[in-house]
Amino acid sequence: MAGPTDTRLNTQEEITARVKALEAMLIEKGIMTTEAVDRLAEIYENEVGPQLGAKVVARAWSDPEFKARLLADATAACAEMDISGLQGEEMIALENTDDVHNLVVCTLCSCYPWPVLGLPPNWYKAPPYRARIVREPRKVLAEDFGFVVPDSVEIRVWDSSSELRYWVLPKRPEGTEEMGTFDLAALVTRDSMIGVGPAASPSS
Amino acid sequence: MTASETGVRPDATTIGDARRRVETLVCGLPGGGIDERMFNEPWELRAFAMAVAAYHSGKYEWGEFQRSLSHSIRQWEEGNGGEPWSYYEHWLTALETVLADNGVLSDVALDDRTREVMAVPRDANHHKAHREPIAISPAIR
């Protein structure tokens, strides 16, 4: 049997590049399409990476001093919880309030704070979301995500880049006053941290 | 209009069915309990999906991939590499091996292409930080 990987794959960066190169070559040779790989990857996209965002949100809901530090410097606050950035790029957590709803997009590619949120869902990377959410955010939230933001609330759309990645601190749901951080974290969905849905309600 | 009609979000039943099909394939593979099969890095999922996609396109038999994966793991166990354990590095080695054995891809060509990829900065087009919202939908009061 041939042994094609004589090259030492020393870093995650090298191996990431190798996998990217392999995918590009197989697509060029007509062996697979990006869509076919995306569809398979989609099955497990919720299971990649540390996905620690829910813990960070639950702590911010329960600990006002931590929340203040998180909103002032999300990179540093996450580091307190042993969550590191990728190569040290900046993260900002955007707080949803009664007056302002935030949501995140990467208009050019798929920049996403994956050490906090795990892997981006396929739709986050796809052109329909990237284009439409900027043009008509209220409508896309209602129609595509079944999430109606009241007219009295302003919607702000934030563009993540490789230098600065955003994620959303959703509003704490009603009826959770007695809950501890462990149970609160279970209510924090990935979608709520992208800003395309609310945190789950404890009754549902 | 529902989400599946506009195509922004896939529907959960489709994903559930696809998952069962893939897991039937994967459950016969050597090495790696549930913990080791978890994806820790985005490339691992990409490599996983590519092996299944290339198999679906008929480039090799699943048994070939299975044997190639066993071989890579056995070599590691025999201490040839002296490298830390990474299930998906074996997975990638196995994939490259079956592709090479079937004349799909040469190792040299992949090395060259990898160097090209590394020469391009990550997200080259999107380095600038955008500090203001890109769009606002104002409140109506």
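A: Gladly! Keep in mind that this is a predicted model.

Q: Which residues of α5(B) are buried?

A: A residue counts as buried when its relative accessible area is under 20%. In α5(B) this holds for B:W62, B:F65, B:S68, B:L69, B:S72 and B:I73. Seen down the helix axis, these buried residues fall within an arc of 130°, so they line one face of α5(B).

Q: What do the buried residues of α5(B) pack against, and which exposed residues does the face turned away from them carry?

A: The buried residues pack against three helices of chain B: α2 (12–26), α4 (42–56) and α6 (87–101). On the face turned away from the buried side you will find the exposed residues B:R67 and B:E77. Follow the chain just past the end of α5(B) and you come to B:G79, which takes a positive phi of about 80°.

Q: How do I read chain B as a whole?

A: Start with its elements: chain B has 7 helices and 1 strand. Their order from the N terminus is α-α-α-α-α-α-α-β. Of its 141 residues, 36% count as buried. Then look at contacts between residues at least 6 apart in sequence: in chain B, 62% of these join residues at least 24 apart. Chain B exposes about 7800 Å², with 51% of that supplied by carbon and sulfur atoms.

Q: And what do I find for chain A?

A: Chain A contains 11 helices and 4 strands. It has 204 residues, 52% of which count as buried. Among its contacts with a separation of 6 or more, 66% are between residues 24 or more positions apart. Its accessible surface comes to about 8800 Å², and 51% of this belongs to carbon and sulfur atoms.

Q: How many residues does the largest nonpolar core have, and which have the most contacts inside it?

A: As a general idea, nonpolar side chains in soluble globular proteins tend to be buried together. Here the largest nonpolar core has 51 residues, and A:L70, A:Y129, A:L141 and A:W167 have the most contacts inside it. Helix α3 of chain A (residues 53–62) gives the largest share of this core, 6 residues. There is also a second, separate core of 46 residues, which includes A:L40, B:V22, B:Y87 and B:L110.

Q: Where does UniProt place the feature "binding site"?

A: The record, an unreviewed entry, places it at A:C106, A:C109, A:S110 and A:C111. Let's look at two of these residues in the model. A:S110 sits in the loop between β2 (100–105) and α6 (114–117) of chain A, and A:C111 lies in the loop between β2 and α6 too.

Q: Are A:S110 and A:C111 buried or partly exposed?

A: A:S110 has 29% relative accessibility, so it counts as partly exposed. A:C111 has 1%, so it counts as buried. Beyond its neighbours within four places in sequence, A:S110 is in contact with A:P120, A:Y124 and A:K125.

Key
Residues numbered from 1 in each chain as written. Chains lettered and ligands numbered in written order. Predicted model: local features only at pLDDT ≥ 70, side-chain atom pairs only at ≥ 80, totals over all residues. Heavy atoms only, no water. Helix = DSSP H or I, 4+ residues; strand = E, 2+ residues; numbered from the N terminus. Buried < 20%, exposed > 50% of the residue type's maximum accessible area, 1.4 Å probe, protein only. Contact = heavy atoms within 4.5 Å. Areas by Shrake-Rupley, 256 points an atom, 1.4 Å probe, with all protein chains shown as cover. Arc of directions from axis to C-beta. Core = buried A, V, L, I, M, F, W, Y, C linked by side-chain atoms within 4.5 Å. UniProt positions renumbered as here; feature names shortened; annotations may be inferred.
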